[in-house]
Amino acid sequence: MNKTLSLKQEIAYAAGMIGWSTMTNIIIVMLPFFYLPPSNSGLPTLVPQLVFFGAFNILSIIAASGRLVDALFDPFIASRSDGSENPNGRRMPFMKWAILPSIIFCGLVFNPIEKVESLHNAWWLTISLCLFFISVTTYIIPYNALLAEVTNTPQQKVKLSSYQQVGFVIGIIFSACTNNFADLVQQNFAIADRSEAVQIAIWGLCILSGLMMLLPIFSIKEKDFSVAKPTHVPLWPAIKNTFKNSNFKYYLISDFAFYTALSIISSGLLFFCTVLLGLPESEGGKFMAAMVMASLLFYPLITFGSAKIGKKPLVLLGFGILCLIFVTIYFLGKLPFGPYTQIYLLVLSASFPLAALGILPNAILAEIAQKDTIETGENHEGMFFAVKYLFVKLGQTLGIAIFAMLTIYGKDPGNDFGLRLNGIVGFGLCLLALLFFSRFKEEK
């Protein structure tokens, strides 16, 4: 049996998640708000609100095209990583070279050519977004494949996945606080231009993210912990092999629906706060932080409960609660409570699903991949995680695209029906996730 990670190394591994989670969530949280802001934000609109086929606006098409390029690149990088014979390991060398391009292209996404509404900005955004996704994928796929390789038991997988999820939600907090950091920039550096302050805040977060992504590389010597051998199954057969696993298919569909719904919430949070509830945009980060801190309280319960009753019941409960939360979004601002009470009820209710659906799916997938390795004799854990993150990214893209599309039907105070429709769509997605995961067969 290979060596076990120390606590310090587990924390260093989770720090990598903080880095890439911060950058990917900046895209989700800030992209619609920065390029198609509500009328009361103080930011200029940067891309035209052109509508194609009566439903797709230009921002939704740009987001989808960026993720489509990324989606095609995912299996390629997984195949290269799974088959790598680098003496330093199959995963770390890819991760190391992906960090600097990720920082640069994430920052450039929010540095448009012109500070006015322009099609030039749309082309700039499309190119920089594609390059960012390609860069960060080169880190994410090998990083996640390591989870299955550096843990030896289901308990270790849940534990490391828990630390990983803490890193993910810290990244969500950082990204949600972008406007708060922009406030600090304006206060301390006498910058009057709000757009410039937001850009400086994002560059700072990108650099911090890069430093976090370096920690696993410096702290973990891959060859000491992973004894996995390179696999040379060709790319397309390796992808098809993952879909032969029926459990994986149910897992994949429910995970896709969940990340689409989560992306809708993340893209809409600043709009829900400022437009539906009339609260300052800087409050969004506080609400996200409250949700994450509350979710941490559930981590011991999730770890204990998954060992006692299994992972599946907790995942299904998480999807059920999310269904109710999305129904509530439709009525935000119309409930018989003050705006702060409404938003805190919402985010605190979301804390259990955030914990359960953050910790358990990666641990479940690591078990699926490990079981498949035992049955087939081929170490293609990277391909399982590549296919998963291909669908995660497609879900995140669909979430941003749905949110951007629905802004056509109203995104401003007094004209907010498009924002409320997100609640109905999210409910349908979470119900779909619940129904498909109910067919998942958990190993006892």
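These exercises look at salt bridges and a surface patch in a predicted model.

**Exercise 1.** Which parts of the structure does the salt bridge between Lys115 and Asp193 tie together?

*Solution.* Start with the contact. The side chains of Lys115 and Asp193 meet at 3.3 Å, N to O. Next, place each residue. Lys115 lies in the loop between α3 (92-109) and α4 (119-149), and Asp193 in the loop between α6 (178-189) and α7 (194-219), so the bridge ties together parts 78 residues apart in sequence. Lys115 is partly exposed, at 47% relative accessible area. Asp193 is partly exposed too, at 30%.

**Exercise 2.** Decide for Asp183 and for Arg194: buried or partly exposed?

*Solution.* Buried means under 20% relative accessible area. Asp183 has 22%, so Asp183 counts as partly exposed. Arg194 has 12%, so Arg194 counts as buried. The two side chains form a salt bridge of 2.7 Å, N to O. Asp183 sits in helix α6 and Arg194 in helix α7, so this pair links parts eleven residues apart in sequence.

**Exercise 3.** How many salt bridges does a search of the whole structure find?

*Solution.* The search finds four. One of them joins Lys411 and Asp412, with their closest N and O atoms 3.6 Å apart. Both Lys411 and Asp412 are buried.

**Exercise 4.** Which helix gives the largest share of the nonpolar patch?

*Solution.* List the members first. Val327, Phe331, Phe427, Leu431 and Leu435 make a nonpolar surface patch of about 400 Å². Then find the helix. Helix α17 (residues 417-437) gives the largest share, three residues. Leu431 is found in helix α17. Leu431 is partly exposed, with a relative accessible area of 34%.

Methods. Residues are numbered from 1 along each chain as its sequence is written. This is a predicted model: local features need pLDDT of at least 70, side-chain atom pairs count only at pLDDT 80 or more; totals for chains, interfaces and linings use all residues. Side-chain values use heavy atoms; hydrogens and water are left out. Patches are made of residues with over 30% relative accessible area and no salt bridge: like charges are joined within 9 Å, nonpolar side chains (Val, Leu, Ile, Met, Phe, Trp, Tyr) within 5 Å. Accessible areas come from the Shrake-Rupley method with a 1.4 Å probe; for residues, only the protein chains shown count as cover. Helices (H or I, at least four residues) and strands (E, at least two) are DSSP runs, numbered from the N terminus. Buried means under 20% relative accessible area, exposed over 50%, partly exposed in between (1.4 Å probe, protein chains only).
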